[in-house]
Amino acid sequence: MRKIFILAAAFGFVLQSCTEDITDYNNDPKLPTAVPPATLVANAEKSLADRITTISGSNVFRLWAQLWGQATYVDESNYLIIGRDPSQAYWTAYYNNVINDLNSAKELINADENLLPKTKANQLAIIDVIQVYTFQHLVDMNGNVPYSAAADITNLFPVYDDAETIYMDLIARISAAQAALAGGGESFGSSDIFYGGDVTAWRKLANSVKLRLGMRLADFNSSVASTVVSEAVSAGVFTSNADNTIIAYESAPSANNNPLFNLFETGGRREDYVAAKTIVDVLLDLNDPRIDDYFADNLDPYVGGPVGGNNSYANYTHLNFDIVGDPTYPGSIMDYVEVAFFLAEAVERGYISGDAETYYNSGIQASILYYGGTQTQVDAYLAQPSVAYNTAEGDYKQKIGTQKWISLFNRGFEAWTEYRRLDWPTLVLSDQTQQPVPLRMIYPVKEPAVNGANYDAAASAIGGDDLYTPIFWDVN
């Protein structure tokens, strides 16, 4: 009888449990069930910045621009990248952690009826600025990429959109974003790790990104480029290093140290990299004061390692680890140096009024001062006939291209991209494979298997998924 009572009591408990809402028992109180939009935006900013800042494994572009060299594993410097699969690292970071997080933030912002209209407009505009920046990077790296279907995370087989069509839409989006930001107001506040919610700073970034979009098109469609550049400059681009878009990293051991520090110091990979011979030779030839900011003085004179060579770490000039080994060294997303050289070129092309020499000098000055140089060094450098705008060798593309490349020492993707566009300076063949610098990055290695039909269509449309298929704007 006692056993029957116990069973009945247990059965009654089960029945009672079935009538209760037990879903709360499935919730982990330590994990949020909803992530605020500001947190999603901050995560997207950090993912974007870390991917641009690192060099680990898949960020090969400082090597491809021949600014840094390798001493141990030299595949990347010889353009042998199948094993590293750089595009996959970028696609994972950009599509999953940047674009999708920002799309989720958009949905939440649009659904929030308590947001002031101006604040909502600013937040949505800032999200668009980040997405435009990210998609331009993808196009400039690969050519045709998923774009119109990229917002749908349930679509496992996205089509690849035409690169030129993407560019035109990015220009429209960045134009709308900068217009929305024109009225000031609030945005994301301190959650914004780039500008702390400063809407005016974001508008300058939007215009500067628009300037970059326009200048990329200069050789491909000068008419469109002229209009886009003129609009961007009239609306207000960066005017000094104070406008730079950066991520501030931290000194304490954390997930927010500079990724280069994590690689070199925590990961013990200092001896994998040396100064590249290409840039060392140029800096020495120009008596450039940045050489001791970029590189260590372990050898006198400086000796750069041959690009792609089996370089012994002890025999070549080292990187300056006071900079690239500093856990707090800022990651640069976009800077005034880049803008100043764009403006010099825009004057030469007749897109804007002004003095090309003044902008050229401003770009050099901003770079030297940013890396700790002095105004005396700036003045002495600009006074050299080999550097002065009126007497330096070559046409405006050579003068601007060379100095811009030097200034983009730690911004490898933009250095490689501007080299492809301006064709200066002269970069060398890789030591082991005797191959020229690639013109694009191949698609992720797994794409033919997982998204074969759309991959095949994209590869055919651009002229082949090859390192030497140029991006649409690279017509020279």
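Predicted model: local features only at pLDDT ≥ 70, side-chain atom pairs only at ≥ 80, totals over all residues.
The crossing in which α14 passes α15 is right-handed. On the α14 side the contact is made by Asn361, Ile364, Gln365, Ile368 and Leu369, and on the α15 side by Gln375, Val378, Tyr381 and Leu382. Sorted by class, this contact of α14 with α15 has 6 nonpolar and 3 polar residues, with no charged residues.

Another pair is formed by helix α16 (residues 396-407) and α17, whose axes come within 10 Å and cross at roughly 170 degrees, an angle that makes α16 roughly antiparallel to α17. Here Lys397, Gly401, Lys404 and Trp405 of α16 meet Ala415, Glu418, Arg421 and Leu422 of α17, and the residues of this contact divide into 3 nonpolar, 1 polar and 4 charged.

The loop between α17 (412-422) and α18 (447-450) holds Arg440. Is this arginine, Arg440, buried or exposed? Because buried means under 20% relative accessible area, Arg440, at 1% relative accessibility, counts as buried. Leaving aside residues up to four places away in sequence, Arg440 touches Trp64, Met141, Asn142, Trp416, Arg420, Ile462, Gly464, Asp465, Asp466, Leu467, Thr469 and Ile471. With one of these residues, Asp466, there is a polar approach as well, in which a polar atom of the Arg440 side chain lies 3.1 Å from the backbone oxygen of Asp466.

Terms used
Residues numbered from 1 in each chain as written. Heavy atoms only, no water. Left-handed = near helix turned anticlockwise from the far one by under 90°. Helix = DSSP H or I, 4+ residues; strand = E, 2+ residues; numbered from the N terminus. Contact = heavy atoms within 4.5 Å. Nonpolar A, V, L, I, M, F, W, Y, C, P; charged D, E, K, R; others polar. Buried < 20%, exposed > 50% of the residue type's maximum accessible area, 1.4 Å probe, protein only. Polar contact = N/O pair within 3.5 Å; in protein donor to acceptor, adjacent residues only side chain to side chain. Axes fitted to C-alpha atoms, helices over the stretch in contact; angles between N-to-C directions. Parallel < 35°, antiparallel > 145°, perpendicular 65-115°, else oblique.
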